[in-house]
Amino acid sequence: MTSYLIRRILYMFPIVFGVMLITFLLFFVVQTPKSMAQRILGPKAKPEAIQNWLHNRGYDKPRFINAEPGKHWWDSQFFHQMKSLATFDFGNSDATGERILNMFKHGAIPSLLITVPSFICGFLLSLGLALFFVSVRNSKLDLGGIIICVAMMSVPIQVYVIFGQWLVAVKTSYLPAFGFDMAGFSTAKFLILPVLLYTVSDLGSEVRLYRTIFLEEIHQEYVKTALAKGVSSTRVLFVHVLKNGMIAIITLVVASLPFLIMGSLVLENFFGIPGLGNLLLNAIHTSDFSVVRATVFLGSLLYLFGLLLTDICYAAVDPRIRLQ
Amino acid sequence: MAQRFLFIAIACMLLAGCSNDPHPPAFHEKRADGTPWQVSYAPFPDDPRSLDPQFSYDTLSHSIICLIYESMLQYHPLKTDPYELVPCLAESMPERISTPDGHPAYRFHIKHGIYFHDDLCFPEGKGRELVATDVAYAFQRIADPKVECPVLSTLAEYIVGLQDANAEAQKKGSYDYTKPAPGIRVVDDHTFDIVLLKPFPQLLYWMAMPFTAPVAKEAVNYYDGKTHDGITREQFKFKPVGVGPFRLVAWRKGLSLRLIRNDHYITTKFPTDGWPAEEASRYAAMAGKPLPFLDELYFRIIRESIPAWVLFRQGYFERAGVGKDVFDTAISAKQELTPEYQKRDVWLYKDAEPATYYFLFNMQDPVVGKNPKLRQAISSAYDFDLENEIFMNGIFLNAQQLLPPGVYGYQPNFKNPYRQSKLDQAKRLLAEAGYPNGHDAKTGKQLLLTLDMTIDDAESRQHAEFQKEQIERLGIEVKIEENLWATHQDKVDRGNFQFTSYGWHADYPDPENFFFLFYGKNAAPEGNNYCRYANPEFDKLFEKMREMENSPERLELVHRLNAMLVEDCPMIPLYYPVVFRLSQPWAQRVVLNPLVFSGPKYTQIDPGLRRQKQAEWNRKPAWPLAVIAALLAAAGIFAFQWSQRHD
């Protein structure tokens, strides 16, 4: 187990390095540091101002290898950026000069306020509905439920958001159409609608997935045995099937846990929630490469961490699995 | 079961207690004298990049900076034709003087009794009086390479010592603030001179911009972004301390900015002239009164236009721009408010921006650059009115010259002979250019031109297609080169284009700020003459004109420069943009000058009317609560029965 974990952690290094290399290349293929500077300083900025901006941020160094006489070969943009990321020194935002670590700290809480309740509500609701559909499997109710789930899966989240804002905020005036405020209990009024929409938008796919997992379980021999012994169908469903089905579900769910901190790009943007999703989207819009770089780095680390967690969970919940 | 119903009841009650008002409560309900505390709520499209007056060069940042800092001069908020500068921190308009060594200079006298905002950076947290060395310090910061002032090179061309101070700091790696400020001679605490290398009448406009706004050294030193005694201080660019009508009390990134009035503010009173005659009674009631009228400003950051519009409709914002998405909802075919918005008593404003948009030819291109008749032909063929109808809701103004309305030298009745959309004339000019019916007279080959455009969505692609078709009416073939904004800007900088579309928004309403775009010595990439127009006669006249004060002689020069551009046609003026804006009935707009960024300084609102309208526009029907309660109850009953059945 320990050697497996160490091996997996070592694998992370080349993967993260590859991700950062691709991000670096993609960003500079789309635009040069000069055009980033121009976008940030405005089209009227003079070449001297642009040069000064580039110099102060190290964007005037060679891209990968420094071949200038008297300079170290690693004195380049890429290696400097890799070094700062490896030491978790994210530096300052290109666009505003604010410390990126501070931006992450400020963004994480609003993101978690949306994603954690959505995750918990969505998980419990999906589980409940999936079990219910399994209990009425092969009935018209089950068929209707599946059709609704497929329809819900097919609708993009933007449609849910626009409809939700129109109905709840505009037509009936119960909740704000937009905004966020960290002000104790009144924060809740800004969270209800986004959490509801986040939960509903994922419900279709999750109910279908969990239903499939539970259906697989319900045909197992131990279920027949339990029913033959006279155990009630509710008990079989909520104790035996749920417990065994959770092995597969937990491994799926755990992988997404670290990602909760990254928030939701769409919801945060539509509702003006200053979370990490909004931060990334805005960084892309404003050509703030330093923030994009740090966010992608964080995202890739969280993803790999999620995968590692999944493997550990497999071993923890299913004694038959041993990690080697 | 009873518990479930209790839960449903509580949930419904909580929901009923919610409101769709997205704003936090104001700082106070009432002022000390018992009158209502006036708050204005406005959408703000993004976080300002920086609130450092010497660094910021974008309209968003200026919209906040100009409320916190003030400069020596300011624009009259009501006068637009022509625009007029009036004193702000200065006691009076500056005197033109000559230094003993013969340099031209301007002498400014600062008003007495102006104090910086109370702030921790000052002893005992009390703002101190503004003095001339604060202006000198601002000029030192302009020269400091670490501040990255974007207009340094422009000002260094005219102000004594600025360039040298910057060069020395670059060489040494840091700026020496112990040396006297470049170009500034402090005469006494309230008097200073700006010493120039050559005449520079445009300096007065620069003295109305935030770049030259005085800054307290204490604030820059205190807000260093470092940790002191366990407390991390903000960076100066995020914690402005000025002398303006408002002070920043909270900036929550990505969320909001809150400003409250500076109680010590005495700098400006509401103007006593310049208003339109038809609104004399409204303006006369405010004339001469101390500013600002508002107690608090709340800017909500909204990057998407639709939510901003929704909140305006609900009465939670005082104003809104009429974007394309909502244009037909709010504006009728006659360019008036639709009946729905008339019923709401909303105010509609049609603001012409001091900007010009045009086609730009690369004058170094062997085909278009060397053939004025070809450029004139393209110009003559173009039908902007049709483009305006199709793509701009018909609201933009057809441009006949480079200078937009309000800028000194603009000729309202001027008709550009090559902008009358006459296809016959265009074809004749094209034949004279050597391309009868769009084909090369020598080789017989069809002429192919490349139009470089910034294209980032379907609409901009359709727009480019329209422009292509307009020119192809001449028989020429036009190829559209699609670019992202950054690539387009890069191509324009490097001169890697044949012709393209471009625009210029006035920094200040002087013809120099437009004609310098065609000044030979200002050629890109170092300067802004992107078309690389090089006409020695134009340059000579331009150099003469830019150093003159406004006068009949200067006006004549401006008209001659205009005539040269019309005849040489390095660019085709297309339009002056017009923006439609709405204000709520309780927040009728006051400022008429688009160059004034400190609009909220002059604005007032009627909180009573706002409360009344908000209540009227946001009534909560009871049926959603009934539906939710019924659904939850039905689900509960169903679940109960189901569990009973299966046990």
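The model is predicted. Phi of Ser173(A) is positive, near 60 degrees, in a residue other than glycine. Ser173(A) counts as buried because 21 other C-beta atoms lie within 10 Å, the cut-off being 20 or more.

**Other backbone features**

- Most residues other than glycine have a negative phi, and most peptide bonds are trans.
- Phe88(A), not a glycine, has a positive phi of about 55 degrees.
- Phe88(A) belongs to the loop between helix H4 (77-86) and helix H5 (100-135) of chain A, and it is exposed, with 11 C-beta neighbours inside 10 Å.
- The peptide bond between Asp81(B) and Pro82(B) is cis, with omega about 0 degrees; Pro82(B) is in the loop between strand S2 (73-80) and strand S3 (83-87) of chain B.
- Ala524(B) and Pro525(B) are also joined by a cis peptide bond, with omega about 5 degrees; Pro525(B) is in the loop between helix H17 (512-515) and helix H18 (536-546) of chain B.

**Sheet in chain B**

- An open, mixed sheet has 4 strands in the order S1-S12-S11-S10.
- Its edge strands are S1 (39-44) and S10 (246-252) of chain B.
- S1(B) and S12(B) run parallel and are joined by 6 bridges; Pro43(B) has Arg300(B) in S12(B) as its bridge partner.
- Helix H2 (residues 59-68) of chain B lies across S10 and S11 (256-261), at about 135 degrees to S10(B).

**Contact between the chains**

- Chain B contributes 42 residues and chain A 46 residues.
- On the side of chain B that touches chain A, 18 residues are nonpolar, 9 polar and 15 charged.

Conventions:
Residues numbered from 1 in each chain as written. Chains lettered and ligands numbered in written order. Predicted model: local features only at pLDDT ≥ 70, side-chain atom pairs only at ≥ 80, totals over all residues. Contact = placed C-beta atoms within 7 Å. Nonpolar A, V, L, I, M, F, W, Y, C, P; charged D, E, K, R; others polar. Pairing = 2+ DSSP bridges. Helix = DSSP H or I, 4+ residues; strand = E, 2+ residues; numbered from the N terminus. Axes fitted to C-alpha atoms, helices over the stretch in contact; angles between N-to-C directions. Buried ≥ 20, exposed ≤ 12 C-beta atoms within 10 Å, placed from the backbone.
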